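Thanks for coming, everyone. Please bring up the sequence and the model on your screens. I will talk you through the helix packing and then the sheet.

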Amino acid sequence: MLSPQSTEVIRATLPVVGAAIGDITTLFYRRMFDAHPELERDLFNRGDQKQGEQQKALAGAIAAFAALQLEPDSAKVDLILSRIAHKHASLGITPDQYAIVHEHLFAAIVEILGDAVTPDVAAAWDEVYWLMAETLITMERGLYQLAGVDAGDVWRTVRISERVLQSADTVSLTLTSLDGSALPTFAPGQYLSVGVTLPDGARQIRQYSLCSIPSSADWRISVKRISGTPDGEVSNFLYNNVFEGQELSVTTPFGDLTMPDDNSPLLLASAGIGCTPMIGMLNHLVDTGADRSVSVIHADRSIADHAHRAELSTLVDQIPAATLHRWYEDLGTHVAFGSVHEGRADLQGIAVEPDTQAFLCGPMPFMLAMRASLLERDVPAQNIHYEVFGPDSWANT
């Protein structure tokens, strides 16, 4: 909790700092990468940096956290920081790295705001930073302990035992331990990080949801090659270059998109490759013989683009109280029928109980539209959970 003196300084300066926070975080990353080029090359997502998305996400998180010190809301703080802590743990972040961030962030604040950064202002924002950092460090320490690893010691080498094409652009990889022992279990909906060394020598890291049965001895992830600006640097490398028998560097599973262990109704809504955590959840429900009510919604560009299409239908068929609704922007020569629709996904005609726990994964516009529809259907905001890989622009809104 902020000291009374710092609280008043933050209250007075938040509008000015908030207005400049985008410039501050952009300069911060430039300064930090100049001093530590290995962080940009081997830790941070270069694609997000080029697009400016990481800068926006950091700016939003800092501003939101500072604002919440003025009107404390522990649930909102947990929402913002829990996701960051899981992401940090999946990257192997250690407490000493927060000092590096502090050094270059505050140098950027002073450079951007100049004389406005009086000793009192510097002390107050320093207090905000370390309050946020210490909260994250504590969260991450708990995650490492729960995973049974030392801080940052999350990486292991696995072997690819199977590679299966799930659509023209998506391949699933089954991962096994090198010695044949069972890999650690995970909570349905969690993800792991994959680290690869690219042709230019950079080691880049990305996260992929686990879509296998959590109790299985092996892990399975699915990777979609991405064309765009920029291309999917790591996903495309994996799709094009990684095959059966090869080894891969991955982490212990993390992630806070996990189902409650009760019998509450579920709504699983995904778009595109966002189906993967839902496949993991459905595998768990089938494996445990669950009979809870489950509504599964999936949207995709076309039937051909729909990765895990057959598996999704098979899993839903094995859950007595589950229903599947699919939307395709282009049905090709097919026609809409029953629960298969043309166009964009919506909840019209789908029963949604007020105590439903909803899980969303896909492009941000899709998830925000689903969230708005669920709120209109009286699903409490705290019952709406989501997964996003890359900078998180939801939690700060």
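Let's start with a pair of helices: H1 and H4 are roughly antiparallel to each other, because the angle between them, about 170°, is over 145. Keep in mind that this is a predicted model. H1 covers residues 4–35 and H4 covers residues 53–70. Their axes lie 8 Å apart.

Which residues of H1 and H4 make the contact? From H1, they include Thr7, Ile10, Arg11, Leu14 and Ile21. From H4, they include Gln54, Leu58, Ile62 and Leu70. Find Phe28 and Tyr29 too; both are on the H1 side of the contact. By class, the residues in this contact are twelve nonpolar, six polar and one charged.

Stay with H4. It has another neighbour, helix H5, residues 74–91. The axes of H4 and H5 come within 10 Å, and they cross at roughly 150°. That crossing is left-handed. On the H4 side, look for Ala61, Ala64, Phe65 and Leu68. On the H5 side, look for Lys76, Val77, Ile80, Leu81 and Ile84. How many of these residues are nonpolar, polar and charged? Eight are nonpolar, none is polar and one is charged.

Helix H9 spans residues 275–287, and helix H10 spans 309–317. They pack at about 30°, with axes 9 Å apart. This crossing is left-handed. H9 brings Ile279, Leu282, Asn283 and Val286 to the contact. H10 brings Glu311, Leu312, Leu315 and Val316. That gives six nonpolar residues, one polar and one charged.

Next, the sheet. In general, strands of a sheet pair through backbone hydrogen bonds, either parallel or antiparallel.

Find Leu360: its bridge partner in S12 is Tyr386.

The helices come back here.

Last stop: two loop residues. Where is Pro363? It sits in the loop between S11 and helix H11. Is Pro363 buried, exposed or partly exposed? Its relative accessible area is 47%, so it counts as partly exposed. Between Pro363 and Val340 there are 20 Å in space, C-alpha to C-alpha, and the two are 23 residues apart in sequence.

The other residue is Gln348, in the loop between S10 and S11. Gln348 is exposed, because its relative accessible area is 70% and the cut-off is over 50%. Now recall Lys76, from the H5 side of the H4 contact. The C-alpha atoms of Gln348 and Lys76 are separated by 30 Å, and the two residues are 272 apart along the chain.

Conventions: Residues are numbered from 1 along each chain as its sequence is written. This is a predicted model: local features need pLDDT of at least 70, side-chain atom pairs count only at pLDDT 80 or more; totals for chains, interfaces and linings use all residues. Side-chain values use heavy atoms; hydrogens and water are left out. Axes are lines fitted to C-alpha atoms, for helices over the stretch in contact, and angles run from 0 to 180 degrees between N-to-C directions. Helices (H or I, at least four residues) and strands (E, at least two) are DSSP runs, numbered from the N terminus. Angles under 35 degrees count as roughly parallel, over 145 as roughly antiparallel, 65 to 115 as roughly perpendicular and the rest as oblique. Contact means heavy atoms within 4.5 Å. Ala, Val, Leu, Ile, Met, Phe, Trp, Tyr, Cys and Pro count as nonpolar, Asp, Glu, Lys and Arg as charged, and the others, Gly among them, as polar. A crossing is left-handed if the near helix is turned anticlockwise from the far one by less than a right angle, and right-handed if clockwise. Two strands pair if DSSP finds at least two bridges between them. Buried means under 20% relative accessible area, exposed over 50%, partly exposed in between (1.4 Å probe, protein chains only).
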